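I am opening a notebook on this structure and writing down what I looked up, one entry at a time. The sequence and the structure come just below.

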Amino acid sequence: MSDHVYKHLELTGSSPTSVEDAIRNAVKTASQTVRNMHWFEVTDTRGSIGDGDVAYWQVTIKIGFTLEK
């Protein structure tokens with residue numbers, strides 16, 4: 001096993017479609033500037049209601065990535 005050091009980054013992704021799309025939006029956006037991402041953990045799920053239905057999903061995640069030496 002390697003002796004990696006990990007850092008956590010907390011993000012909130014959103015989507016009008018689904019929880020999964022909200023997570024994917026957060027991960028894809030972070031991948032544009034953060035290298036060495038390895039895992040994520042969902043820490044919070046919430047949404048907004050409009051016209052008696054789910055209008056939007058918001059999912060907060062922690063992303064773990066290794067620090068470069």
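**Entry 1: a starting residue**

I began with V59, which lies in strand β3, where strands (E, at least two residues) and helices (H or I, at least four) are DSSP runs numbered from the N terminus. I noted before going further that this is a predicted model, in which local features need pLDDT of at least 70 and side-chain atom pairs count only at pLDDT 80 or more, while totals for chains, interfaces and linings use all residues. Residues are numbered from 1 along each chain as its sequence is written, and side-chain values use heavy atoms, with hydrogens and water left out.

Is V59 buried or exposed? V59 is buried, with a relative accessible area of 0%; buried stands for under 20%, exposed for over 50%, and partly exposed for what lies in between (1.4 Å probe, protein chains only). Leaving aside neighbours within four places in sequence, I found V59 in contact with L11, T12, G13, V19, A22, I23, V42, D44 and T45, a contact being heavy atoms within 4.5 Å. The C-alpha atoms of V59 and G13 are separated by 5.4 Å, although the two residues are 46 apart along the chain.

**Entry 2: the core around it**

I then looked up the largest nonpolar core and found seven residues in it, namely A22, I23, A26, A30, V59, I61 and I63. Such a core is a set of buried Ala, Val, Leu, Ile, Met, Phe, Trp, Tyr and Cys residues joined through side-chain atoms within 4.5 Å. The elements that give two or more residues to this core are α1 and β3, and α1 gives the most, with four. In soluble globular proteins, nonpolar side chains tend to be buried together.

**Entry 3**

In what order do the three strands stand? They form an open sheet in the order β1-β3-β2, with antiparallel pairing; two strands count as paired if DSSP finds at least two bridges between them. Because β1 (6–15) and β2 (37–50) each have a single partner strand, they stand at the edges, and one side of each is left without a neighbour in the sheet. Neighbouring strands of this sheet are turned by 15° against each other on average, direction ignored; the axes are lines fitted to C-alpha atoms, for helices over the stretch in contact, and angles run from 0 to 180 degrees between N-to-C directions.

I counted on the DSSP record for the pairing of β2 with β3 (residues 53–66), which is antiparallel and extends over twelve bridges. Within that pairing I marked D44, which stands opposite T60 in β3. Helix α1 (residues 19–30) packs on the sheet and touches β1, β2 and β3, its direction making about 40° with that of β3.

**Entry 4: salt bridges**

How many salt bridges are there? I noted two, taking a salt bridge as a side-chain nitrogen of Lys or Arg within 4 Å of a carboxyl oxygen of Asp or Glu. One joins R35 and E68, whose closest N and O atoms are 2.8 Å apart. R35 lies in the loop between α1 and β2 and E68 in the segment after β3, so this pair ties together parts that are 33 residues apart in sequence. Both R35 and E68 are exposed.

The side chains of R46 and D44 also meet in a salt bridge, at 2.4 Å from N to O. R46 is partly exposed at a relative accessible area of 33%, and D44 is partly exposed at 35%.

**Entry 5: loops and the end of a strand**

N36, in the loop between α1 and β2, has a positive phi of about 65° although it is not a glycine, and its relative accessible area of 32% makes it partly exposed. D51, in the loop between β2 and β3, likewise has a positive phi, of about 55°, without being a glycine, and D51 is exposed at 86%.

T66 belongs to strand β3 and is buried, at 8%. Beyond neighbours within four places in sequence, T66 is in contact with H4, V5, Y6, R35, N36 and H38.

**Entry 6: confidence**

The mean pLDDT of the protein chain is 94, and 97% of its residues reach 70 or more, pLDDT being the predictor's confidence in each residue, from 0 to 100. Among the elements, β1 has the lowest mean (95) and α1 the highest (97).
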